[in-house]
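Q: I am new to this structure. Please show me how to read its features, one at a time.

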Amino acid sequence: MASSTKNYTILLFITILTITFNSASAADPDPLQDVCVADLNSTITVNGFPCKRNFTFTPEDFASMGIAQPGVPNIFGTRVAVADVYNMPGLNTQGVSMARVDFERDGLDPPHTHPRASEIIFVEEGTLVAGFITTDNVFINKLITKGEVFVFPRGLIHFQFNVGRGNATIIVAFNSQNPGVQLIALSTFASRPQIPEEVVARAFQTSVEEVRAIRARLALPTAGLPSGRQWDDRNMPSQYDKRDDRNMHSQYDKRDDRDMHLQYDKRDDRNRFSQYDNRDDHNMYLQYDKHDDQCIFGVF
């Protein structure tokens with residue numbers, strides 16, 4: 001009986017260690033061999049890519065011109081080029097990848113996340129504002145210039161914005177062979193199939209009409225959808241047809257929404273940022289004196 005209890009205790013201890021180790025892992029799993037060049041044509045599905053057979057890889061598998069030139073221009077005034085496992089198979093299991101972002105004047109790498117990687121950037125040319133938001137909604141941002149390095153913690157919303165007079169370029173490194181990217185605006189307003197208009201409108205406290213207008217401005221090709229598949233977005237919210245949407249939040253009917261933030265009533269919100277009281281807010285972006293501040297957000 002004592003032996004059985006001891007064995008159970010040891011098994012429980014090993015299980016806890018395993019769970020703890022997996023939870024603490026902050027990047028791709030460590031490789032178990034020198035190289036595992038990705039077989040991108042394999043039909044086997046694994047977490048990553050299966051390896052090519054030994055000695056069937058070539059030096060070209062470990063090199064890439066993926067970031068030698070700017071990428072394809074987008075609606076935000078940036079060009080993004082990547083060197084990841086898809087164009088550099090030798091990265092498979094190595095837990096690293098790179099990218100470059102080229103900015104036009106007022107170009108924006110819009111708020112986005114990389115769910116599988118931390119990111120560190122090096123400013124090759126130009127002057128940018130780089131920032132990220134913590135899960136406590138604290139906004140960390142800094143003016144970064146040529147030669148400077150800035151890090152974005154894994155999975156947090158972040159951006160870079162060109163505030164200089166000319167173009168800018170950054171070189172990016174990730175601790176994942178395939179970090180993934182999720183642009184907040186496109187994921188919310190331009191997903192396929194679409195998130196129901198009512199959900200987006202209520203989340204942003206705006207109207208369905210405004211959601212439709214934003215979606216029209218962010219319209220993108222349905223790249224990546226299964227061949228021949230067509231989404232009929234108009235029918236997506238059909239499950240709501242028999243429900244009066246005005247009562248969607250009926251559980252709140254007896255609550256005065258004006259008192260939602262009652263805990264703030266005794267605080268003078270004007271002093272919320274009292275640490276700035278001795279600073280002229282008009283000079284908040286004093287470091288941008290050589291740039292026309294009225295145009296700093298002209299991209300919008």
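A: Start with a surface patch: I120, F122, V149 and V151 form a nonpolar one, with about 320 Å² of accessible area together. Patch residues have over 30% relative accessible area and no salt bridge; like charges are joined within 9 Å, nonpolar side chains (Val, Leu, Ile, Met, Phe, Trp, Tyr) within 5 Å. A salt bridge is a side-chain nitrogen of Lys or Arg within 4 Å of a carboxyl oxygen of Asp or Glu. Areas follow the Shrake-Rupley method with a 1.4 Å probe; for residues, only the protein chains shown count as cover.
This is a predicted model: local features need pLDDT of at least 70, side-chain atom pairs count only at pLDDT 80 or more, and totals for chains, interfaces and linings use all residues. Residues are numbered from 1 along each chain as its sequence is written, and side-chain values use heavy atoms, leaving out hydrogens and water.

Q: Which strands each supply at least two residues of the nonpolar patch?

A: Strands (E, at least two residues) and helices (H or I, at least four) are DSSP runs, numbered from the N terminus. Here the strands are strand 5 (119–125) and strand 8 (149–152).

Q: How is an aromatic pair described?

A: By the distance of the ring centres and the angle of the planes. Rings of Phe, Tyr and Trp (its six-membered ring) pair if their centres lie within 6.5 Å; planes under 30 degrees apart count as stacked, over 60 as edge-to-face, the rest as tilted. The structure holds seven aromatic pairs. F132 and F150 have ring centres 6.3 Å apart and planes at 50°, so this pair is tilted. F132 lies in strand 6 and F150 in strand 8, 18 residues apart. Ring pairs also link F132, F150 and F152 into a cluster.

Q: Are F132 and F150 buried or exposed?

A: Buried means under 20% relative accessible area, exposed over 50%, partly exposed in between (1.4 Å probe, protein chains only). Both F132 and F150 are buried.
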